[in-house]
Amino acid sequence: YFKSGMLITALQDSEEPLALAEDNAVKVTGSNLAYREPGLVCATTGVYLPAIANIRNPVMMRALVKDCLRLGVELYPNARVTRTLNVASSYHVMLEDGRKFASEFMVIAAGAWSSNLLKQFGLEHQIIPIKGQMIAIRARPGVLRHIILHEGRYLIPRRDGVVLVGSTVEQTGFDKST
């Protein structure tokens with residue numbers, strides 16, 4: 001967990017991120033922007049969100065699985081749900097291998113496939129896949145201080161100097177091609 005803050009630049013409507021972000025979002029311009037991120041030369045104005053952080057997903061998932069198992073949570077990774085039913089405030093699920101479960105509560109964590117499962121319970125939520133490209137670049141630690149979001153592209157600094165460079169804006173359905 002690395003609390004780096006985020007700079008959003010090239011805003012279409014500079015008030016929108018302020019309305020959507022935390023209470024302490026700050027508009028930044030000129031020298032204030034250069035002070036926060038000295039290497040940033042593509043922008044003259046932006047919004048600074050100091051509470052934004054990033055996390056190493058694989059490390060977080062290992063810790064989450066370990067803690068769930070410690071608490072007695074039963075996990076069924078990669079289990080395919082083939083049938084669902086909502087009866088008297090109880091959710092019933094059947095897995096592909098025939099196992100059946102019933103619970104008062106359920107967490108749907110199927111990513112872009114969640115909409116299909118939710119529909120089976122009578123819930124309509126538009127959850128779609130968003131395709132993007134990403135590359136990791138080795139850099140000197142500290143060369144980038146903050147997450148930068150600029151016109152749909154982003155830079156995410158890691159403590160070890162690695163910078164993730166990406167774009168996650170393509171709505172192509174379930175197409176996995178590059």
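This is a predicted model: local features need pLDDT of at least 70, side-chain atom pairs count only at pLDDT 80 or more; totals for chains, interfaces and linings use all residues.
The average pLDDT of the chain is 83, and 91% of the residues reach a score of at least 70. Of the elements in the chain, helix 3 has the highest mean pLDDT, at 93. The lowest mean, 52, belongs to helix 1, which covers residues 15-20.

Met-61 is partly exposed, because its relative accessible area of 41% falls between the limits of 20% and 50%. Met-61 is also one of the members of a nonpolar patch on the surface. Other members include Tyr-1, Ile-55, Met-60, Leu-64 and Val-65. Together, the residues of this patch have about 900 Å² of accessible area.

Helix 3 also contains Pro-58. Pro-58 is partly exposed, with a relative accessible area of 48%. Between the C-alpha atoms of Pro-58 and Val-143 there is a separation of 24 Å; along the chain, these two residues are 85 residues apart.

I now turn to the loop between helix 3 and strand 4, where we find Asn-78. Is Asn-78 buried or exposed? With a relative accessibility of 81%, Asn-78 counts as exposed. Its backbone deserves a remark as well. Most residues other than glycine have a negative phi. Asn-78 is not a glycine, yet its phi is positive, at about 60°.

The next topic is aromatic rings. How many aromatic pairs does a search of the whole structure find? The search finds two. One of them joins Tyr-76 and Phe-101, whose ring centres are 4.8 Å apart and whose planes make an angle of 50°, a tilted arrangement. Tyr-76 sits in the loop between helix 3 and strand 4, and Phe-101 in strand 6, so the pair ties together parts that are 25 residues apart in sequence. Both residues are partly exposed: Tyr-76 has a relative accessible area of 29%, and Phe-101 has 28%.

The other pair consists of Trp-113 and Phe-174, with ring centres 5.1 Å apart and planes at 35°, so this pair is tilted too. Trp-113 is in the loop between strand 6 and helix 4, while Phe-174 is in the segment after strand 10; the pair therefore ties together parts that lie 61 residues apart in sequence. Trp-113 is partly exposed at 48% relative accessible area, and for Phe-174 the value is 48% as well.

Finally, let us consider the strands. Strand 1, residues 6-9, runs parallel to strand 8, residues 147-150, and four bridges join them. Within this pairing, Thr-9 stands opposite His-150 of strand 8. Strand 8 also pairs with strand 9, residues 153-157, this time in the antiparallel sense and over three bridges. Here Ile-148 has Leu-155 of strand 9 as its bridge partner.

What do strand 8 and strand 9 form, and how many residues lie between them? They form a hairpin with two residues between the strands. Glu-151 lies in the turn. Although Glu-151 is not a glycine, its phi is positive, at about 50°. Glu-151 is partly exposed, with a relative accessible area of 48%.

Thank you for your attention.

Technical notes
Residues are numbered from 1 along each chain as its sequence is written. Side-chain values use heavy atoms; hydrogens and water are left out. Rings of Phe, Tyr and Trp (its six-membered ring) pair if their centres lie within 6.5 Å; planes under 30 degrees apart count as stacked, over 60 as edge-to-face and the rest as tilted. Buried means under 20% relative accessible area, exposed over 50%, partly exposed in between (1.4 Å probe, protein chains only). pLDDT is the predictor's confidence in each residue, from 0 to 100. Patches are made of residues with over 30% relative accessible area and no salt bridge: like charges are joined within 9 Å, nonpolar side chains (Val, Leu, Ile, Met, Phe, Trp, Tyr) within 5 Å. Accessible areas come from the Shrake-Rupley method with a 1.4 Å probe; for residues, only the protein chains shown count as cover. A salt bridge is a side-chain nitrogen of Lys or Arg within 4 Å of a carboxyl oxygen of Asp or Glu. Two strands pair if DSSP finds at least two bridges between them.
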